[in-house]
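Subject: Structure for you to look at

Dear colleague,

I am passing on the structure we spoke about, and my notes on it follow below. Please open it beside the text as you read.

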Amino acid sequence: MSLDKATVASIATLARLRVPDDRLEPMVADLNAILGFVEQLEQVDTASVEPLASVTGHSLPQREDAVTDGGYPDRVTANAPDPAGSFYAVPKVVE
Amino acid sequence: MAESHTAQPYRIQGETGAWEVVIGLEVHAQVVSRSKLFSGASTAFGAEPNSQVSLVDAAMPGMLPVINRECVDQAVRTGLALEAQVNEVSVFDRKNYFYADLPQGYQISQYQQPIVGEGVVHLDLEDGRTRAVGIERLHLEQDAGKSLHDQHPSKSYIDLNRSGVALMEIVSKPDLRSPEETAAYIKKLRSILRYIGTCDGNMQEGSMRCDVNVSVRKPGDGLGTRCEIKNVNSIRFVQQAIEYEARRQIEILESGGSIDQETRLFDANRGETRSMRSKEEAHDYRYFPDPDLLPLVLDPARIAELRAALPELPDARKARFIGEYGLSPYDAATLTEERATADWYEQVVRGGDGKRDPKIAANWVTSELFGALNKAGLDLADSPVSADALGGLMDLLGDGTISGRIAKDVFAEMFESGKDAAAIVEEKGLRQVSDTGAIEAIVDAVLAENQDKVAEYRSGKDKLFGFFVGQTMKRSGGKANPGMVNELLKAKLAG
Amino acid sequence: MAGILDLDLVGARDALRAGDITSSELTAAYLARIEATKDLNAYITVTADRAMAMAEASDARLAKGEGGALEGLPIAVKDLFCTEGVLTTAASHILDGFKPTYESTVTAKLWDAGAVMLGKTNMDEFAMGSSNGSSYYGPAVNPWRAAQDAGTRLVPGGSSGGSAAAVSGRAALAATGTDTGGSIRQPASYTGIVGVKPSYGRCSRWGIVAFASSLDQAGPMARTVGDAAVMLSAMAGHDPRDSTSAPEAMPDLTAGLEQGVKGLRIGIPAEYKVDGMPSEIEAIWAQGIAWLRDAGAEIVDISLPHTRYALATYYILAPAEASSNLARYDGVRYGLRVDGDSLAEMYANTRGAGFGAEVQRRILIGTYVLSAGYYDAYYRKAQRVRTLIRRDFDEAFGQVDAILAPTAPSDAFAVGANEDDPVKMYLNDVFTVPASLAGLPGASVPAGLSARGLPLGLQVLGRMFDEPMVLRVARALEKAAAFTARPAMLEGV
């Protein structure tokens with residue numbers, strides 16, 4: 001399997017990464033090298049093997065239903081690059 | 001699933017003949033819980049922006065989800081109420097996509113191993129019969145935040161108060177065949193959820209939202225290509241959307257086109273659906289098990305406990321109302337749609353030392369009470385007449401203190417003033433006259449005043465009997481015991 | 001004043017308790033040393049004022065005979081741990097200016113135990129790397145230099161390179177690291193210090209910037225096994241805020257340290273003898289085996305047949321998780337924002353400018369292996385192989401008490417080397433990744449010097465949650481190795 005430039009560009013779009021044209025070519029080569037490397041897994045017979053769900057063997061702990069958090073909008077927006085009052089602001093989303 | 005269609009299946013007539021509509025629903029029901037699915041922030045509606053947001057909900061670096069046990073229980077309760085398979089092991093996955101109101105860049109949901117599998121909802125049809133609609137699955141997932149687009153000319157504002165609130169996505173099989181049936185399904189589902197208290201069913205506040213899958217086919221054909229109409233937020237809109245969408249698809253198919261499987265939006269103002277295709281490239285959600293969470297394992301004992309604690313559900317209650325109280329399926333369905341209504345009704349029936357007739361009680365509740373509430377624009381919870389008060393009125397009617405006609409007037413007065421029946425009867429002197437002497441005097445007076453009609457009656461004009469009854473009742477101010485009036489009149493007229 | 005820096009953590013602790021030194025003296029000495037070793041670029045942020053304030057508070061407690069297990073001990077924190085009010089960057093441009101309003105569980109436990117924060121250490125961006133070369137703040141540098149080539153700067157390893165350089169260069173008494181595929185153990189090996197990756201679940205991940213959630217694990221980096229044991233005891237513990245945190249109680253880590261290895265069965269995995277392994281690595285491994293045998297351990301040949309696939313498995317799973325974990329860096333709630341005309345453009349501009357090349361590579365690989373049509377072939381396949389890798393270890397630990405292997409396939413390489421070949425860089429993790437995938441505890445102990453005069457570590461792996469055994473064997477190695485070599489730069493310090 002080998003990725004071409006167009007495929008990498010579309011993965012980049014899916015991942016919301018602007019990859020400038022001049023960096024796309026080397027990126028394609030790097031990704032193909034990595035994919036070439038990991039393809040050795042095809043050699044492993046995993047027909048009757050379940051995917052690993054957890055290394056500890058524990059199941060999901062569950063907390064009680066109580067309001068124990070929130071109530072601090074100032075902390076929520078403290079690091080926001082473009083806060084608007086207690087809101088976050090983003091470029092207008094056209095529905 | 002065996003289908004018992006109503007006599008006349010819903011069809012849309014196209015130029016090439018009749019079309020069948022196939023509908024499946026994905027209902028997003030907000031779970032009733034104090035705190036969010038994976039954080040301890042409050043779920044209360046209508047708070048100040050970002051005031052009910054934890055660092056987890058805001059997806060701060062290094063923040064981790066911890067599941068709310070009550071949300072799990074609510075999903076299990078719902079699964080049990082839908083007669084569904086509750087899965088002892090389920091898995092939370094990440095559904096990856098970027099959106100302004102999705103701070104993590106993924107929604108925690110359940111994909112391949114949901115908490116609840118196949119189940120069923122029984123629809124109550126107009127003719128009293130029922131029809132089973134299959135449930136495909138139910139899973140737990142996080143709600144997104146809210147984007148406000150009208151606050152700034154070039155920016156959208158993001159409020160994460162709803163971000164992370166627990167939702168149950170309840171997916172039906174494509175078993176629905178008409179807008180009406182779909183409406184009945186939503187109502188029934190809502191009824192069940194409200195009975196067990198897992199969702200408040202409030203579509204206006206968005207605690208129940210529907211994605212509607214619609215396709216059309218010629219009866220007997222295989223399934224057509226479907227379109228998904230996103231986020232429809234009222235039953236009426238769901239019906240409109242289905243109808244519009246079905247006609248749109250039929251038009252395309254009849255003019256030789258084909259349906260693109262796509263996501264569409266319902267425009268309530270125009271009553272039409274339109275494509276959301278323009279939005280962006282096709283989604284590729286890249287689901288994978290959330291590595292911040294472990295498999296959710298449910299102890300069978302816990303499931304059994306939740307099952308045992310379930311209240312009587314609408315279907316069972318309806319069956320009991322039919323069997324125990326002798327109600328018609330229609331009345332039983334009406335009275336059991338809401339748990340509060342059924343409770344109200346049973347409070348009437350169970351009072352009065354068992355002397356209250358359940359069928360008469362049903363009539364009072366479904367016609368007089370509902371009629372009055374409707375007219376006044378009130379909910380049952382705000383009814384000026386309590387269940388005990390209505391029972392009191394029925395008791396006065398039952399023991400002959402008042403007549404049926406007077407009872408309706410008394411009820412109207414009760415609804416108006418909030419007073420109880422006995423007080424009104426006393427106050428206005430509406431007690432029924434059952435004294436033979438008193439009634440006899442009135443009857444005699446009526447007969448004396450209408451000698452000519454008495455003669456006509458005796459010569460064979462039986463229909464005049466009603467006239468004598470009416471006159472007697474009128475003269476008594478409606479208070480004479482109608483049975484005794486009848487008896488006396490018969491005797492005297494025969495004489 | 002210089003002598004004070006010679007005290008290791010346990011020594012300094014005892015001196016503080018005895019009143020021989022004060023935390024203020026000790027902390028001031030380390031702050032001065034940080035200043036003097038700026039060329040190491042070990043720190044992204046130095047919190048000198050806070051350190052002195054914490055030290056004074058510690059001194060006050062110590063004077064009253066109070067204080068926690070780490071009272072007054074100045075340590076460094078990898079810049080992957082969120083620290084309240086202190087810049088936290090994950091060495092990434094995308095977290096520009098980010099000051100958390102919260103404190104990670106692990107660092108909170110350290111401060112509760114009385115530790116003094118010197119600052120935040122350099123690292124590979126988002127912990128992705130084996131050289132510290134991917135840091136937005138420039139590479140941290142290894143205090144060690146090759147004997148014949150003292151002019152060439154060497155990498156401290158990665159991703160916890162700044163922590164390793166700081167501890168090795170005496171610019172911190174000890175430091176926290178995180179290990180996803182070897183990020184504590186490999187830099188420990190390159191810099192001649194001890195690094196411990198606990199069992200997955202031992203240290204809470206709450207408040208640690210996530211790289212690969214199913215693998216990330218915090219641990220101590222210190223001068224001695226004893227130091228690491230003391231520090232890990234303070235860091236570990238169940239945390240209800242982390243669903244993957246282990247409820248198992250951590251046994252006493254110091255009590256059994258000196259028990260030795262007599263009668264223990266130590267496994268030597270055949271598959272770790274990889275093709276092209278440098279002879280000096282093979283030699284140090286053989287030396288380690290001999291030390292343990294001489295100390296009374298029984299050496300057992302074991303097989304971990306699927307470890308040869310561990311690296312490929314890791315380089316599917318870790319990027320897959322990372323691609324999703326890093327989706328939250330979108331310019332909306334914190335960090336860098338690069339504007340754009342639309343939301344999607346703002347995202348792409350921000351993320352394109354904010355993430356470095358290696359992080360972008362991993363996001364793209366991760367996105368690809370999870371995408372429709374490839375999930376089963378890559379991600380699911382890798383999780384199945386991961387099951388086999390874990391199974392191999394479980395079987396091996398039926399026969400042995402611990403496993404001995406090299407930590408890394410080489411000594412430290414030059415700054416800038418391997419940067420143009422991601423796969424070659426990944427091969428640095430070949431010996432550390434298997435235990436990461438299996439969730440098992442491991443420790444790297446300095447064992448000797450390479451031909452170039454650079455430190456080489458040996459790695460001890462143990463059963464799940466059996467940190468006492470790992471540290472006990474590590475301590476036996478440490479004793480036998482008697483590693484006293486110091487980087488040349490420490491002469492006169």
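Let me begin with the contact between chains A and C, in which 52 residues of chain C are in contact with 39 residues of chain A. Please keep in mind throughout that this is a predicted model. On the chain C side, at least two residues each are supplied by α9 (310-325), α10 (343-354), α11 (357-370), α12 (376-396) and α13 (422-426), and of the elements there α12(C) gives the most, with 10 residues. Sorted by class, the side of chain C that touches chain A holds 25 nonpolar, 16 polar and 11 charged residues.

Chain A also meets chain B, where 40 residues of chain B are in contact with 31 residues of chain A. Here β3 (67-68), α1 (69-81), β10 (155-159) and β17 (296-297) of chain B each bring at least two residues to the side that touches chain A, and β10(B) gives the most, with five residues. That side of chain B divides into 17 nonpolar, 15 polar and eight charged residues.

Strand pairing also links chains A and B. Strand β3 of chain A, residues 87-91, pairs with β10(B) in the antiparallel sense over four bridges, and within this pairing A:Pro91 has B:Lys155 as its bridge partner. The two strands belong to an open sheet of four strands with antiparallel pairing, whose order is β2(A)-β3(A)-β10(B)-β9(B). Its edge strands are β2 (83-84) of chain A and β9 (146-148) of chain B, each of which pairs on one side only. Elsewhere, strand β1 of chain A (residues 62-63) runs parallel to β3(B) and is joined to it by two bridges, with A:Arg63 standing opposite B:Asn68.

Finally, a few words on chain C as a whole. Its secondary structure comes to 15 helices and 11 strands. The radius of gyration of chain C is 21 Å, close to the 23 Å that the globule rule gives for 493 residues, and chain C is therefore as compact as a globular protein of that length. Taken along the principal axes, the box filled by the C-alpha atoms of chain C is roughly 65 × 55 × 50 Å. Of its 493 residues, 66% count as buried, and among the contacts in chain C between residues at least 6 apart in sequence, 77% join residues at least 24 apart.

With best wishes

Notes. Residues are numbered from 1 along each chain as its sequence is written. Chains are lettered from A and ligands numbered from 1 in the order in which they are written. This is a predicted model: local features need pLDDT of at least 70, side-chain atom pairs count only at pLDDT 80 or more; totals for chains, interfaces and linings use all residues. Two residues are in contact if their C-beta atoms, placed from the backbone, lie within 7 Å. Ala, Val, Leu, Ile, Met, Phe, Trp, Tyr, Cys and Pro count as nonpolar, Asp, Glu, Lys and Arg as charged, and the others, Gly among them, as polar. Two strands pair if DSSP finds at least two bridges between them. The radius of gyration is taken over C-alpha atoms; the globule rule is 2.2 Å times the number of residues to the power 0.38. A residue is buried if 20 or more other C-beta atoms lie within 10 Å of its own, exposed if 12 or fewer, and partly exposed in between; C-beta atoms are placed from the backbone.
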